[in-house]
Amino acid sequence: MSEHEWYPILLSLKDRTCVVIGGGEVAERKARGLLNAGASVRVISPSVTRGLSDMAQAGSIHLLQREYAKGDLEGATLAFAATDRQEVNASVAAEARERGIPVNVADGDTEGDFIVPAVLRRGDLVLSASASGAGPAVSARIIGELSSRYGPEYEGYLKALRQIRAIVRAEVPDPGQRRRLLAAASTEEALIEWSRSDFALDKRALLDRLEERALDGKG
Ligand SMILES: C[C@@]1(CC(=O)O)C2=NC(=C\c3[nH]c(c(CCC(=O)O)c3CC(=O)O)Cc3[nH]c(c(CC(=O)O)c3CCC(=O)O)/C=C3\N/C(=C\2)[C@@H](CCC(=O)O)[C@]3(C)CC(=O)O)/[C@H]1CCC(=O)O
Ligand SMILES: NC(=O)c1ccc[n+]([C@@H]2O[C@H](COP(=O)([O-])OP(=O)(O)OC[C@H]3O[C@@H](n4cnc5c(N)ncnc54)[C@H](O)[C@@H]3O)[C@@H](O)[C@H]2O)c1
């Protein structure tokens, strides 16, 4: 894989068809990541892992148990070439190019349009790490470290913060003041407080508490 400066984004794939060619461990990992993002996943491979086979049986993915053939990327938003055959991956990438579909290539020999980072999800919090192909095990290790630092409680924290933010945006017209209060609302201490209280019931008390926090933060 040649060196690039990749541009990280979060893509909306809800109900979008994503096609994974190949059925090994790598294809399974890509398929799971896509399902976590609500995509509609089509997997094409003559043989598949137990995991993929279970996913097909459960109806979570659409599995075509055969070799890749040109035309398989029809209707795809994203394509993944994850076979162990470099020439097959290259053909998948070529079809994707023709169709203008961004393609991920699992082997290091064919150029892909995007790579996949290691990911940690805590509800709305999405943490990702990438080593740009230099060593994916580093990305996986860093995400493992972050998973103990940012535990499952973050899901609740962000739910609460989303509500607080809606209130602040509705009640505080001045952008500078809004930013100041939202910064105060986002410290870890503050997130714990919101997730434990019924702040949304009393907007005035919430805004006063935020003001207090903002002043404390300065002090
Ligand atoms: C992050 C993660 C996401 C995912 O796949 O969903 C991911 N690889 C993961 C694991 C992993 N992959 C490999 C090992 C074995 C150890 C090692 O080789 O280091 C391990 C570790 C393990 O299995 O624990 C081998 C490997 N990977 C690539 C090649 C080809 C090459 O480098 O040329 C080879 C050699 C194949 C060979 O032997 O020939 C290529 C890519 N792998 C990427 C992503 C992209 C770069 C992202 C980045 O650098 O951050 C990129 C460029 C393309 C892509 O796949 O998008 C996922 C961790 C998720 C998690 O567990 O949390
Ligand atoms: N990107 C990554 O994260 C990563 C990690 C490890 C390995 N790799 C690379 O990815 C490749 C796949 O890794 P794996 O562990 O999943 O391999 P694997 O050998 O377990 O699986 C290969 C899959 O490709 C399928 N396949 C072969 N020919 C096909 C065809 N013509 N059409 C459709 N499917 C076909 C096979 O049925 C099999 O399911 C490796 O050869 C390696 O180059 C990438």
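Visitor: Which residues in helix 5 meet helix 7, and which residues in helix 7 do they meet?

Guide: Welcome! Keep in mind that this is a predicted model. In helix 5 the residues are G156, Y157, A160, L161 and I164, and in helix 7 their partners are L191, W194 and S195. Sorted by class, this contact has 6 nonpolar, 2 polar and no charged residues.

Visitor: How do I describe the way two such helices pack?

Guide: The general idea is that two packed helices are described by the angle between their axes and the distance between the axes. Here, helix 5 and helix 7 (residues 188–196) have axes 8 Å apart and pack at an angle of about 85 degrees. Angles from 65 to 115 degrees count as roughly perpendicular, so helix 5 and helix 7 are roughly perpendicular to each other.

Visitor: At what angle do the axes of helix 5 and helix 6 cross?

Guide: The axes of helix 5 (residues 153–171) and helix 6 (residues 175–185) cross at roughly 165 degrees and come within 10 Å. That angle makes helix 5 roughly antiparallel to helix 6, because angles over 145 degrees are counted that way. The crossing of these two helices also has a hand: it is right-handed.

Visitor: Which residues make the contact between helix 5 and helix 6?

Guide: From helix 5 come L161, I164, R165, V168 and R169, and from helix 6 come R178, L181, L182 and A185. By class, the residues of this contact are 6 nonpolar, no polar and 3 charged.

Visitor: Now I would like to look at single residues. Is E155 buried, exposed or partly exposed?

Guide: For this we count the C-beta atoms around a residue: 20 or more others within 10 Å means buried, 12 or fewer means exposed, and anything in between is partly exposed. E155, in helix 5, has 15 other C-beta atoms within 10 Å, so E155 is partly exposed. L158 also belongs to helix 5; its count is 18 C-beta neighbours inside 10 Å, so L158 is partly exposed too.

Visitor: Why does A106 count as buried?

Guide: A106 has 22 C-beta neighbours inside 10 Å, so A106 counts as buried. A106 sits in the loop between strand 5 (103–105) and strand 6 (118–122). Apart from residues up to four places away in sequence, A106 touches V26, A81, A82 and N89. Between A106 and G156 there are 35 Å in space, C-alpha to C-alpha, and 50 residues in sequence.

Visitor: Which residues come nearest to ligand 2?

Guide: Of the 22 residues around ligand 2, the nearest are G23, G24, V26, T83 and D84. Helix 1 (residues 25–36) gives the largest share of this shell, 3 residues. By class, the shell holds 11 nonpolar, 6 polar and 5 charged residues.

Visitor: How many residues surround ligand 1?

Guide: There are 23, and the closest are G108, V116, A118, P136 and S139. Helix 1 and helix 4 each supply at least two residues of this shell, and helix 4 gives the largest share, 5 residues. The classes here are 12 nonpolar, 8 polar and 3 charged.

Visitor: Last topic: backbone angles. What is the phi of D15, and what is the phi of S132?

Guide: D15 has a positive phi of about 60 degrees although it is not a glycine. D15 belongs to the segment before strand 1 (17–21) and counts as exposed, because it has 9 C-beta neighbours inside 10 Å. S132, also not a glycine, has a positive phi of about 55 degrees. You will find S132 in the loop between strand 7 (125–129) and helix 4 (136–149). With 14 C-beta neighbours inside 10 Å, S132 counts as partly exposed.

Technical notes: Residues are numbered from 1 along each chain as its sequence is written. Chains are lettered from A and ligands numbered from 1 in the order in which they are written. This is a predicted model: local features need pLDDT of at least 70, side-chain atom pairs count only at pLDDT 80 or more; totals for chains, interfaces and linings use all residues. Axes are lines fitted to C-alpha atoms, for helices over the stretch in contact, and angles run from 0 to 180 degrees between N-to-C directions. Helices (H or I, at least four residues) and strands (E, at least two) are DSSP runs, numbered from the N terminus. Angles under 35 degrees count as roughly parallel, over 145 as roughly antiparallel, 65 to 115 as roughly perpendicular and the rest as oblique. A crossing is left-handed if the near helix is turned anticlockwise from the far one by less than a right angle, and right-handed if clockwise. Two residues are in contact if their C-beta atoms, placed from the backbone, lie within 7 Å. Ala, Val, Leu, Ile, Met, Phe, Trp, Tyr, Cys and Pro count as nonpolar, Asp, Glu, Lys and Arg as charged, and the others, Gly among them, as polar. A residue is near a molecule or strand if its C-beta atom, placed from the backbone, lies within 6 Å of it.
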